[in-house]
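Please look over the sequence and the model before reading on.

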Amino acid sequence: MGKLAEGQKLWWVPNRSRFAQQKEVTVTKVGRKWAQLDNNERIDIETLVADAGQYSPNGHCYVSRESYEESVALSNAWSNMKRDLQYGASPDGVTIEDIEKARQLLKLPHISVSP
């Protein structure tokens, strides 16, 4: 993510959605470490996580609603695939080479396989 700028729109996702809604927010001030938002929260300019002092963060910002939705979709897809791999046997016809290609695509470390 690039530098934040005053007036920039971000997508706010609260950690406790029961009490607050996701919404578009505007950056009102940018400092060296924190950016102030128009919802009275401040976020770390690198991580976009809200400052909560000693407590759990109140929320997190994304550069757009679309980037948040992509993040959720990726997380869901990864969770579903992990579940499927954990409880299933290898599909018929899958080779060691196929598995190694999949590991490479997923940027997983190479594992040597011996009979």
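## Terms and basis

A residue is called buried under 20% relative accessible area, exposed over 50%, and partly exposed in between, with a 1.4 Å probe and protein chains only. Helices (H or I, at least four residues) and strands (E, at least two) are DSSP runs numbered from the N terminus.

The model is predicted: local features need pLDDT of at least 70 and side-chain atom pairs count only at pLDDT 80 or more, while totals for chains, interfaces and linings use all residues. Residues are numbered from 1 along each chain as its sequence is written, and side-chain values use heavy atoms, with hydrogens and water left out.

## The sheet

Five strands form an open sheet in the order β4-β3-β2-β1-β5, with antiparallel pairing; two strands pair if DSSP finds at least two bridges between them. At the edges are β4 (42-44) and β5 (59-62), each of which pairs on one side only. On average, neighbouring strands of this sheet are turned by 45 degrees against each other, direction ignored. For such angles, axes are lines fitted to C-alpha atoms, for helices over the stretch in contact, and angles run from 0 to 180 degrees between N-to-C directions.

β1 and β5 run antiparallel and are joined by four bridges; Trp11 has Tyr62 in β5 as its bridge partner. Between β2 and β3, also antiparallel, there are three bridges, and Val27 stands opposite Leu37 in β3. A hairpin of three residues connects β2 to β3. β3 and β4 run antiparallel with three bridges, and Trp34 is opposite Asp44 in β4. The hairpin of β3 and β4 has four residues between the strands, and in it Asn40 takes a positive phi near 70 degrees.

Which residues make up the largest nonpolar core? Its 12 residues are Leu4, Leu10, Trp12, Val25, Val27, Ala35, Leu37, Ile43, Ile45, Leu48, Ala50 and Cys61. The elements giving two or more residues to this core are β1 (9-14), β2 and β3 (34-37). A nonpolar core here is a set of buried Ala, Val, Leu, Ile, Met, Phe, Trp, Tyr and Cys residues joined through side-chain atoms within 4.5 Å.

In a regular strand the side chains alternate between the two faces of the sheet. In β3, Ala35 and Leu37 form the covered face, and Trp34 and Gln36 the uncovered one. Two charged residues are placed at the ring of Trp34: Lys33 lies over its face at 5.5 Å from the ring centre, and the charged end of Arg42 sits over the ring, 4.2 Å from its centre. A charge sits over a ring if NZ of Lys or CZ of Arg is within 6 Å of the ring centre and within 35 degrees of the ring normal.

Thr26 lies in strand β2 (residues 23-30). Is Thr26 buried or exposed? Thr26 counts as buried because its relative accessibility is 15%. Apart from neighbours within four places in sequence, Thr26 is in contact (heavy atoms within 4.5 Å) with Gly7, Gln8, Lys9, Gln36, Leu37 and Asp38. With residues up to four places away left out, Val25 touches Gln8, Lys9, Leu10, Trp12, Leu37, Asp38, Asn39 and Cys61.

Glu6 is placed in the segment before β1 and is exposed, with a relative accessible area of 59%. Not counting residues up to four places away in sequence, Glu6 touches Val27, Thr28, Lys29 and Val30. Glu6 and Val30 are 24 residues apart along the chain, and their C-alpha atoms are separated by 6.4 Å.

Ala20 is found in the loop between β1 and β2 and is partly exposed at 29% relative accessible area. From Ala20 to Asn58 there are 38 residues in sequence and 9.7 Å in space, C-alpha to C-alpha.

Most residues other than glycine have a negative phi, and most peptide bonds are trans. Leu48, although not a glycine, has a positive phi of about 65 degrees. Leu48 is in the loop between β4 and β5 and is buried, with a relative accessible area of 5%. Helix α2 (residues 96-105) is hardly covered, with one buried residue among its 10. Lys107, in the segment after α2, also has a positive phi, of about 60 degrees, and is not a glycine. At 74% relative accessibility, Lys107 counts as exposed.
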